[in-house]
Amino acid sequence: MFNWTRKLTFQLQPAAWWLLAIGGLFGLAVGLSNTFVNIFIWKIDRNYTSTAWYNLWMYVCIPIAFVAASWLAKKFRVVIPLRIGIAGHALFYCLVLFGGQQLARYPIVLGIGMGLAAGFYWFSFNVLSIHFTSDAHRSNFMGMNGVFAAIAGMIAPPVAGFLISREDLLWGGLTGFHLVFGLSIALFAAGTVISWKINTECLENSFMFNQALQSLKIRSWRMKVFGCLFYGMREGLFLFLIGLLFFIATGSEFTLGEFLFLQSGLAFVANFVSGKLAQKRRRILLMGSGALGMFAAATIFLLPVNAMHLWIYGALLSATLPFFLVPMQSLIYAEMDEMEEKEKLFRHQHIITREIFENAGRVLGIVSFLLLLIGGHQVHRIAMLAFGLGCVQLGTWILFKWSEPVRVKHVSDHKLASIRGFTKSKYRQP
């Protein structure tokens with residue numbers, strides 16, 4: 001581990017490490033609060049619908065924020081949307097902190113606020129990730145970013161769960177969320193300070209729909225963005241549903257924190273290994289193994305939904321998801337590099353296009369969940385939908401596999417001459 005880390009230190013430029021540090025602090029702040037925002041909203045009226053509407057509007061607004069962020073990055077610098085996104089998250093938690101239960105009754109408003117903040121942050125983070133890395137080292141960067149996120153996930157949820165449960169026990173109501181949201185605001189402030197270590201230039205142009213449509217004529221890129229749409233259907237629902245189901249099954253924020261701690265611990269190891277393995281020749285194979293592992297995890301939903309089965313699901317998913325996600329991201333960024341070189345198209349245009357498709361998938365996943373709730377809130381029906389959406393990453397993997405060119409193994413001239421000689425001698429007429 002030491003040798004690989006030392007080697008990686010020389011491969012990544014200092015700006016990439018500062019970006020990883022910002023991502024780590026951001027992940028810690030979001031890990032403290034974001035999972036528990038869904039619980040916070042659910043506690044107000046005790047149904048899934050409000051939480052679903054919150055997440056739906058968040059995903060609707062993220063692509064809008066990406067387009068606005070590209071305009072700002074052209075007018076000013078790429079790092080400016082990053083700072084706006086971090087500040088937007090801090091403002092969001094301030095509003096929740098002081099608005100309390102009254103504001104939680106308006107999940108659509110909360111979803112719009114979070115979506116805009118997230119869109120600004122992730123646009124800039126994605127553009128900077130490509131800018132500060134090359135294709136040869138990008139898998140390592142993605143793996144390390146996943147490692148940092150896993151460390152944040154190991155620390156934040158148990159701490160948040162403990163603080164919420166203890167403060168609620170002492171004072172009652174929803175007071176336990178105040179300290180957690182306050183800590184998140186402080187971490188966002190620290191991330192903003194570190195962002196001054198990153199110096200960037202302005203983008204050459206902002207997002208243009210005609211260029212985005214032109215890029216979709218390229219078959220390999222078109223297959224990949226439709227693969228992102230499929231994956232988004234799963235991700236949009238699973239990012240909030242699993243934690244919510246586990247909380248409902250146990251009734252404890254502290255136990256939910258332990259559940260997320262286990263997931264992050266396994267994800268830490270898996271991200272480290274996948275980042276090391278996801279080199280160019282192995283990416284499709286590694287992505288396929290991750291997709292199959294995620295499918296195996298989804299079969300847990302064919303069993304009765306209870307805390308034990310959710311523990312098993314969380315463990316299987318955390319151990320396999322990075323093997324799908326790290327090569328998937330590397331393949332997408334490699335495609336963007338190639339299009340910029342050959343087609344003279346700008347990478348940030350492709351980032352926004354990918355985000356539009358992926359969030360369209362997220363919206364479709366949540367809409368299917370809302371339609372399911374019309375017929376009632378039976379857990380077994382929700383589990384069947386979760387199983388179905390837990391298989392869609394297999395379609396994503398197939399599309400990515402089809403999008404990649406068939407690589408013919410190189411045969412040396414000497415060996416080729418030997419083969420030709422053997423063929424001629426075998427079929428020579430007597």
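Biologist: Is Cys61 buried or exposed?

Modeller: This is a predicted model, in which local features need pLDDT of at least 70 and side-chain atom pairs count only at pLDDT 80 or more, while totals for chains, interfaces and linings use all residues. Residues are numbered from 1 along each chain as its sequence is written, and side-chain values use heavy atoms, with hydrogens and water left out. Buried means under 20% relative accessible area, exposed over 50%, and partly exposed in between (1.4 Å probe, protein chains only). Cys61 has 7% relative accessibility and therefore counts as buried. Cys391, at 19%, counts as buried too.

Biologist: How many disulfides does a search of the whole structure find?

Modeller: A disulfide is a covalent bond between the sulfur atoms of two cysteines. The criterion is a pair of cysteine sulfur atoms within 2.5 Å. The search of the whole structure finds zero disulfides.

Biologist: Where is Ser50 placed, and which residues does Ser50 touch?

Modeller: Ser50 lies in helix 3 (residues 48-75); helices (H or I, at least four residues) are DSSP runs, numbered from the N terminus. Its relative accessibility is 11%, so Ser50 counts as buried. Leaving aside residues up to four places away in sequence, Ser50 touches Ile41, Asp45 and Pro107, where contact means heavy atoms within 4.5 Å.

Biologist: How do helix 11 and helix 15 pack?

Modeller: Two packed helices are described by the angle between their axes and the distance between the axes. Axes are lines fitted to C-alpha atoms, for helices over the stretch in contact, and angles run from 0 to 180 degrees between N-to-C directions. Helix 11 (residues 283-298) and helix 15 (residues 393-403) pack at about 165°, with their axes 9 Å apart. They are therefore roughly antiparallel to each other; angles under 35 degrees count as roughly parallel, over 145 as roughly antiparallel, 65 to 115 as roughly perpendicular and the rest as oblique.

Biologist: Which residues of helix 11 and helix 15 meet?

Modeller: Ile284, Met287, Gly288, Ala291, Leu292, Met294 and Phe295 in helix 11 meet Gln393, Leu394, Thr396, Trp397, Phe400 and Lys401 in helix 15.

Biologist: What is the angle between helix 9 and helix 10?

Modeller: The axes of helix 9 (residues 219-250) and helix 10 (residues 253-277) cross at roughly 135° and come within 9 Å. These two helices, helix 9 and helix 10, are therefore oblique to each other. Their contact involves Ile242, Gly243, Phe246, Phe247 and Thr250 of helix 9, together with Glu253, Thr255, Leu256 and Phe259 of helix 10.
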